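User: I'd like to learn how to read a structure like this one, feature by feature. Could you walk me through it?

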Amino acid sequence: MAKNSFNKVKAGDLELKEKVVAINRVTKTTKGGRTFSFSALVVVGNENGVVGHGLGKAKEVQEAITKGIDDAKKNLIKIPVMKGTIPHDQLAKEGAAKVLIKPAAHGTGVIAGGSMRAVLESAGITDVLAKSLGSANPHNVVKATFKALGLLREPIQIAKTRSVSLKKVFNG
C-alpha cells in the first residue's frame with residue numbers, strides 16, 4: 001500500500017483544545033531504589049476538522065502533559081467534516097487495534113468508546129458511529145483512529161479523481 005499523504009496542518013494561530021487520553025506511570029528499578037516517571041497521551045483539536053495527538057514523557061505528570069500537547073501540535077491533520085459527520089465508512093488498523101468509523105444521521109451523537117471518543121470530539125465530529133474491534137490499548141486505538149480519519153476523502157476530491165460529476169459520486 002502506498003504511503004498515506006495526510007493533510008498536515010501547522011498549529012499557527014489555531015485555537016486548540018486539549019484532552020488527556022491516558023496517563024501511565026512507569027517505574028524503573030535501580031540500585032538506589034525505584035525511579036518513577038510518567039507518560040501522557042494527549043489529543044488536541046480545534047473542533048472544526050483539525051486534530052492532532054502526541055506523547056509526552058517526564059518525571060512529573062503536568063510536565064508530561066505539557067510535552068504531550070507540544071508534540072500533538074506538531075502532528076496536526078485536517079479531516080473532512082460534512083454536516084457534523086464523516087463522508088464515508090472507514091476501517092483502519094494500527095498494531096493490534098482495529099477501528100471502524102461510520103457516518104451517522106444528525107442527532108445521533110458520538111457513539112464511540114474511550115480514547116476514540118476524545119479524538120472524534122476534538123476533531124469536531126458530532127454524529128458518528130465508531131467501534132474499536134481489536135486491542136483496547138489507548139496508544140494504538142488513537143493511532144488507528146488517526147489513520148482512519150486520514151484516509152477519509154471528500155466527495156469533491158473523489159469526483160475530480162474519477163473525472164465524474166458530484167451527482168454520479170453520490171448516486172452511483
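User: How many residues of domain 1 are in contact with how many of domain 2?

Analyst: Contact here means heavy atoms within 4.5 Å. By that rule, 18 residues of domain 1 touch 14 residues of domain 2. Domain 1 covers 17-77 and domain 2 covers 81-171, with bounds that come from an automatic or database domain assignment. Before we go on: this is a predicted model, where local features need pLDDT of at least 70 and side-chain atom pairs count only at pLDDT 80 or more, while totals for chains, interfaces and linings use all residues. Residues are numbered from 1 along each chain as its sequence is written, and side-chain values use heavy atoms, with hydrogens and water left out.

User: What area is buried between domain 1 and domain 2?

Analyst: The size of an interface is often given as the accessible area lost when the parts come together. Buried area is that loss, computed with a 1.4 Å probe and summed over both parts. For domain 1 and domain 2 the value is about 1200 Å², and carbon and sulfur atoms give 77% of it. The C-alpha centres of the two domains lie 24 Å apart.

User: Which residue forms a salt bridge with E121?

Analyst: The rule asks for a side-chain nitrogen of Lys or Arg within 4 Å of a carboxyl oxygen of Asp or Glu. K19 pairs with E121, their closest N and O atoms being 2.8 Å apart. Across the interface of domain 1 and domain 2, the rule finds 1 salt bridge. There are also 3 residue pairs in polar contact between the domains, both residues at pLDDT 80 or more. A polar contact is a pair of N or O atoms within 3.5 Å; within protein, one must be able to donate a hydrogen and the other to accept it, and residues adjacent in sequence count only if both atoms are side-chain atoms.

User: Which strand gives the most to the side of domain 1 that touches domain 2?

Analyst: Strands (E, at least two residues) and helices (H or I, at least four) are DSSP runs, numbered from the N terminus. On that side of domain 1, β4 gives the most, with 5 residues. The chain has 5 helices and 9 strands.

User: How many residues does the largest nonpolar core have?

Analyst: A nonpolar core is a set of buried Ala, Val, Leu, Ile, Met, Phe, Trp, Tyr and Cys residues joined through side-chain atoms within 4.5 Å. Buried means under 20% relative accessible area, exposed over 50%, and partly exposed in between (1.4 Å probe, protein chains only). The largest core here has 27 residues, and those with the most contacts inside it include V51, I101 and L149. Helix α3 gives the most to this core, with 6 residues, and the core draws at least three residues from each of domain 1 and domain 2. Leaving out residues up to four places away in sequence, V51 touches V119 and F146, among others.

User: Is K93 buried, exposed or partly exposed?

Analyst: K93 counts as partly exposed, because its relative accessibility is 48%. K93 sits in strand β6 (residues 90-94). The K93 side chain reaches the backbone oxygen of G95 at 3.0 Å. Beyond four places in sequence, K93 contacts K98, A144 and K147.

User: And where is A136 found?

Analyst: A136 is in the loop between β9 and α3. A136 counts as exposed because its relative accessible area is 68%.

Terms used
Buried area is the accessible area (1.4 Å probe) that two parts lose on being put together, summed over both.
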